[in-house]
Amino acid sequence: MAQVTESVDVNVPIRVAYDQWTQFETFPEFMEGVESITQETDTRNRWKVKVGGVEREFVTEISEQHPEERIAWTTVDGDLQQAGVVTFHKLDDSTTRVTIQMDWDPKGLVEKAGAAVGVDDRRVKADAARFKEFIESRGVETGAWRGDVPRD
């Protein structure tokens, strides 16, 4: 398994940062390689991504979600195994630290080589920077889902 952790401080209130992160359909606007995300239910999302020139499709299930605290997910179907958690930390009334931790199982030579030389770390770091630019340039979230999903 490969793992990456990245934090970014965004100049928006915690509610705005959290609410934006619940809008999965907007992820292609700031996440490299994410072609589309379709929300199937409140807790299930279908992802289409392109990794190292290879298209992959998988379904994730939100395993834990608490407004303005954390969103955790894991793959439940598809050809890419991953799990992750995003946590939100209020630094002050207008600044939030967003921490992204992802674990995944690289498949094939290209993905394993990319993970070994840090391509995935750089991608997540760049995605975090693009999220910062995306949310700060808007100043408001594109929508929100305030549901609570207790840990199983």
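The dialogue below treats aromatic pairs and strand pairing in a predicted model.

Trainee: How should I read a pair of aromatic rings, and how many aromatic pairs are there here?

Mentor: In general, a pair of aromatic rings is described by the distance of the centres and the angle of the planes. In this model the count comes to 10 aromatic pairs. Take W21 and F27, whose ring centres lie 5.1 Å apart with the planes at 55°, so the pair is tilted, given that planes under 30 degrees apart would count as stacked and those over 60 as edge-to-face.

Trainee: Which residues form one aromatic cluster?

Mentor: The cluster is formed by W21, F24, F27, F30, W47, F58, F131 and F134.

Trainee: Turning to the strands, what should I keep in mind about side chains, and in which sense do β5 and β6 pair?

Mentor: As a general idea, in a regular strand the side chains alternate between the two faces of the sheet. Here β5 (residues 70-78) pairs with β6 (residues 82-92) in the antiparallel sense over five bridges, with W73 opposite G84 in β6, and the two strands form a hairpin with three residues between them.

Trainee: How many bridges join β6 to β7?

Mentor: There are 10 bridges between β6 and β7 (residues 95-104), which run antiparallel; F88 stands opposite V98 in β7, and this hairpin has two residues between its strands.

Methods
Residues numbered from 1 in each chain as written. Predicted model: local features only at pLDDT ≥ 70, side-chain atom pairs only at ≥ 80, totals over all residues. Heavy atoms only, no water. Phe/Tyr/Trp six-rings, centres within 6.5 Å; stacked < 30°, edge-to-face > 60°. Pairing = 2+ DSSP bridges. Helix = DSSP H or I, 4+ residues; strand = E, 2+ residues; numbered from the N terminus.
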